[in-house]
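Please look through the notes below with the structure open beside you. They go point by point.

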Amino acid sequence: MATITFTYNGSMLSNTVNERLEAIRIFPNPTKSEIRILNTKRVVIETLKIYNILGSLVKHIAVKSKEPDLKIDLTPLQKGVYLTKLETTGGLIKTQKLIIR
């Protein structure tokens with residue numbers, strides 16, 4: 001009987017994923033009324049969800065764009081600490097703390 005050996009190089013995959021996620025920046029943080037999403041690798045962003053510190057969804061934006069620079073108005077949100085969850089078409093998820101002053 002023959003033996004087949006498979007070798008999986010997980011570090012190569014994770015480096016590609018990390019590069020794509022790191023290419024997406026959400027700023028300024030803290031902010032007063034607006035955030036920008038800088039998308040240098042032009043990853044297709046499907047949605048941006050914003051949760052309050054208790055975990056309740058307070059804003060859901062269907063972005064569906066790979067534009068390199070997006071502006072999102074946050075004036076309806078109160079001052080506080082939030083979590084942003086950005087989802088791409090490829091299933092990548094970037095979560096980040098956001099402070100609104």
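1. Start with Asp69. In this predicted model, Asp69 is partly exposed, with a relative accessible area of 36%. Its salt-bridge partner is Arg36, and the two side chains meet at 2.5 Å, N to O. Asp69 belongs to strand S5 (residues 69-73) and Arg36 to strand S2 (residues 34-39), so this pair ties together parts that are 33 residues apart in sequence. Arg36 is also partly exposed, at a relative accessible area of 27%.

2. How many salt bridges does the whole structure hold? A search finds three. The Asp69 and Arg36 pair is one of them. The others are taken up next.

3. Glu87 and Lys49 meet through their side chains in a salt bridge of 3.4 Å, N to O. Glu87 sits in strand S6 and Lys49 in strand S3, so the pair ties together parts that are 38 residues apart in sequence. Are these two residues buried or exposed? Both Glu87 and Lys49 are buried. Buried here means under 20% relative accessible area.

4. Glu87 also meets Lys85 in a salt bridge, at 3.9 Å, N to O. The cut-off for a salt bridge is 4 Å. Lys85 counts as partly exposed, at 25% relative accessibility. Taken together, Lys49, Lys85 and Glu87 are linked in a network of salt bridges.

5. Now the sheet. Four strands form an open sheet in the order S4-S3-S6-S7, and their pairing is antiparallel. Which strands stand at the edges? They are S4 (57-65) and S7 (93-100); each has a single partner strand, so one side of each is left without a neighbour in the sheet. On average, neighbouring strands of this sheet are turned by 20 degrees against each other, direction ignored.

6. Look at the pairing of S6 with S7. Strand S6 covers residues 80-88, and eight bridges join it to S7 in an antiparallel run. Lys85 stands opposite Thr95 in S7.

7. Thr47 is buried, with a relative accessible area of 13%. What does Thr47 touch, leaving aside residues up to four places away in sequence? The list is His60, Ile61, Ala62, Val63, Lys85, Leu86 and Glu87. Lys85 and Glu87 on that list are also joined to each other by a salt bridge.

8. Ser65 lies in strand S4. Ser65 is buried, with a relative accessible area of 13%. Beyond residues up to four places away in sequence, Ser65 touches Asn39, Val43, Val44, Ile45 and Leu70.

9. Last, the chain as a whole. Its secondary structure comes to one helix and seven strands. From the N terminus on, the elements run α-β-β-β-β-β-β-β. Of the 101 residues, 32% are buried. Among contacts between residues at least 6 apart in sequence, 49% join residues at least 24 apart. The chain exposes about 6,900 Å², and carbon and sulfur atoms supply 53% of that area.

Key
Residues numbered from 1 in each chain as written. Predicted model: local features only at pLDDT ≥ 70, side-chain atom pairs only at ≥ 80, totals over all residues. Heavy atoms only, no water. Pairing = 2+ DSSP bridges. Helix = DSSP H or I, 4+ residues; strand = E, 2+ residues; numbered from the N terminus. Axes fitted to C-alpha atoms, helices over the stretch in contact; angles between N-to-C directions. Buried < 20%, exposed > 50% of the residue type's maximum accessible area, 1.4 Å probe, protein only. Contact = heavy atoms within 4.5 Å. Areas by Shrake-Rupley, 256 points an atom, 1.4 Å probe, with all protein chains shown as cover.
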